[in-house]
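Student: Can we go through this model together? I'd like to start with the core.
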Amino acid sequence: MRRLGLIGFSGSGKSSLAAIASKSGFKTVDTDSLIEKQNPEAFRLLEDGTEDDFRTLETSVISEVLKSDFDFAAFGGGIHFAHPAWKEIYESSLKLVYLRSSFENLAGRFEERPLCRRLGLEGYERLFRLRCPLYEKAASFVVDTDGRGLSEILSEVMEIWNSLFQ
Ligand code: S3P
């Protein structure tokens, strides 16, 4: 199947890239939007401290997405090597592209995200440091985003797409 998944920390541009790809005619899915459609209260679970419930819902959405037909999937920032859905993602042979950013570069983009509100900036940065190696381990490709605009990042993602599928 000609499919790619986009992973990376909140604010790294996964959803924005998928939205642009969609305008160019690619079939895209965004797991956060699907979660919200299924349960508009879902993201509140992260702020209220019941993260496991959110991850359970996220895992079931991912399971459906993996069975569906798409070109690009934008996953939430919680998707990495240690996520409960990892085994299923791995077994689906979906190739993942990690949009790698420094924490400093993401500043201003994640402060309103529920996990950041719950953990505070220091806790959120610790989470970032913990996750970076997990994204690297999960991904087949890494695209650096610092100092680059969306169109430049998308070009590199498209090069990966072409190298795999054209
Ligand atoms: C999360 C990131 C969010 C969303 C949820 C949990 C996380 O997605 O899935 O709030 O665990 O970092 P974005 O990466 O699109 O912000």
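Tutor: A nonpolar core is a set of buried Ala, Val, Leu, Ile, Met, Phe, Trp, Tyr and Cys residues joined through C-beta atoms within 7 Å. Buried means 20 or more other C-beta atoms within 10 Å of a residue's own, placed from the backbone. This is a predicted model: local features need pLDDT of at least 70, side-chain atom pairs count only at pLDDT 80 or more, and totals for chains, interfaces and linings use all residues. Residues are numbered from 1 along each chain as its sequence is written.

Student: Which residues of the largest nonpolar core touch the most other members?
Tutor: L6, I7, F72, A73 and V97, out of 30 residues. Elements giving two or more residues to this core include β1 (4-7), α1 and β3 (72-74). Helices (H or I, at least four residues) and strands (E, at least two) are DSSP runs, numbered from the N terminus.

Student: OK, α1. Which of its residues are buried?
Tutor: K14, L17, A18 and A21. Down the helix axis they fall within an arc of 100°, so they line one face of α1. The arc uses directions from the axis to the C-beta atoms.

Student: And what covers them?
Tutor: The cover includes β1, β2 (28-30), β3, β4 and α8. Contact here means C-beta atoms, placed from the backbone, within 7 Å.

Student: What follows α1?
Tutor: G25, with a positive phi near 100°.

Student: New topic. What surrounds the ligand?
Tutor: Residues including S10, K14, D32, F43 and R113.

Terms used: A residue is near a molecule or strand if its C-beta atom, placed from the backbone, lies within 6 Å of it. A residue is buried if 20 or more other C-beta atoms lie within 10 Å of its own, exposed if 12 or fewer, and partly exposed in between; C-beta atoms are placed from the backbone. Two residues are in contact if their C-beta atoms, placed from the backbone, lie within 7 Å.
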